[in-house]
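My notes follow the model below.

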Amino acid sequence: MSDPRRIVITGVSRGLGLAMTEEFIRRGHVMLGCARSAADIASLRKRFPAPHDFAVVDVSQDAQVGAWAARLLAEFGPPDLLLNNAALINANAPLWQVPPDEFSRVIDVNVKGTHYVIRHFVPAMIQRGSGVIVNFSSGWGRSTSAEVAPYCATKWAVEGMTQALAEELPPGMAAVPLNPGIIHTQMLESCFGQDATAYPNPDRWAQKAVPFLLELRTRDNGKPLTAPS
Ligand SMILES: NC(=O)c1ccc[n+]([C@@H]2O[C@H](COP(=O)([O-])OP(=O)(O)OC[C@H]3O[C@@H](n4cnc5c(N)ncnc54)[C@H](OP(=O)(O)O)[C@@H]3O)[C@@H](O)[C@H]2O)c1
């Protein structure tokens, strides 16, 4: 087992976020996670008590992220690994049929939510002079498909935002955009329908993705990475 790390992660209620949380904890790391669903957060708190910490936070609300970060930084100090995993996808539709408020929600969570988390956690990491930031991108952050244009727009944004951030970080730190691959989650069912069942489940994915995330170092700064499948 590697040294125990303090890991902040968004979107822990299901899918990749939940599977990573379980796998990191199994390997002895401390997980500080959030999601919006209160029932799922209550169940995580029961399953994984202190030193782990799970909170109801909507990452698209800057004030909520700020309060969450202030509490965690005071109680635990800066994270070693900061995983911006929470995201939404639009319901499949050609771009001209996407309602403006749905497009806004996808941007608010996937792009602005990532910025809010960075702006509230990264200064403390910079002050300490170490830490790795992983912003979850997608195959659709490097390619495109019909009917998911808002999602593609946000994941291409995550790629650009992360590489610019990488140029700003001091030595000793790293920021990477990560394409996790294709995994059978609720999000995949939204865009792939029945075909989603052909892909690996999140638990199987996390068995390889978690050790890969634990190996990220300064040398990886700014590299667009893909999780092992
Ligand atoms: N699955 C794939 O094949 C795939 C492929 C490429 C990229 N990705 C990326 O991988 C990441 C995880 O995806 P997934 O497939 O696990 O999705 P998922 O099953 O839909 O889970 C998304 C998670 O994000 C949380 N979330 C959504 N909006 C939030 C908000 N405003 N504040 C806090 N948490 C929020 C959800 O919890 P609540 O609803 O409780 O808030 C949930 O825990 C995403 O960034 C996604 O774009 C996934």
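Predicted model: local features only at pLDDT ≥ 70, side-chain atom pairs only at ≥ 80, totals over all residues.

I started at Tyr199, which comes out partly exposed, with a relative accessible area of 31%.

**Aromatics**

I then checked the count of aromatic pairs, and I get 5. One of them is Trp140 with Phe192, an edge-to-face pair with 6.2 Å from centre to centre and 65 degrees between the planes. I looked up where the two partners sit: Trp140 is in the loop between β5 (131-136) and α5 (149-168), while Phe192 belongs to helix α6 (residues 186-192), so this pair ties together parts 52 residues apart in sequence.

Phe192 also pairs with Tyr199: the ring centres are 5.6 Å apart and the planes stand at 65 degrees, so I log this pair as edge-to-face too.

Phe192, at 25%, goes down as partly exposed.

**Cysteines**

How many disulfides are there? I find 0. I checked Cys191 in particular: its nearest cysteine sulfur belongs to Cys152 and is 9.7 Å away. A disulfide needs the sulfurs within 2.5 Å, so Cys191 is in none.

I also looked up burial. Cys191 counts as buried at 14% relative accessibility. Cys34 is buried as well, with a relative accessible area of 0%.

Conventions. Residues numbered from 1 in each chain as written. Heavy atoms only, no water. Phe/Tyr/Trp six-rings, centres within 6.5 Å; stacked < 30°, edge-to-face > 60°. Helix = DSSP H or I, 4+ residues; strand = E, 2+ residues; numbered from the N terminus. Buried < 20%, exposed > 50% of the residue type's maximum accessible area, 1.4 Å probe, protein only.
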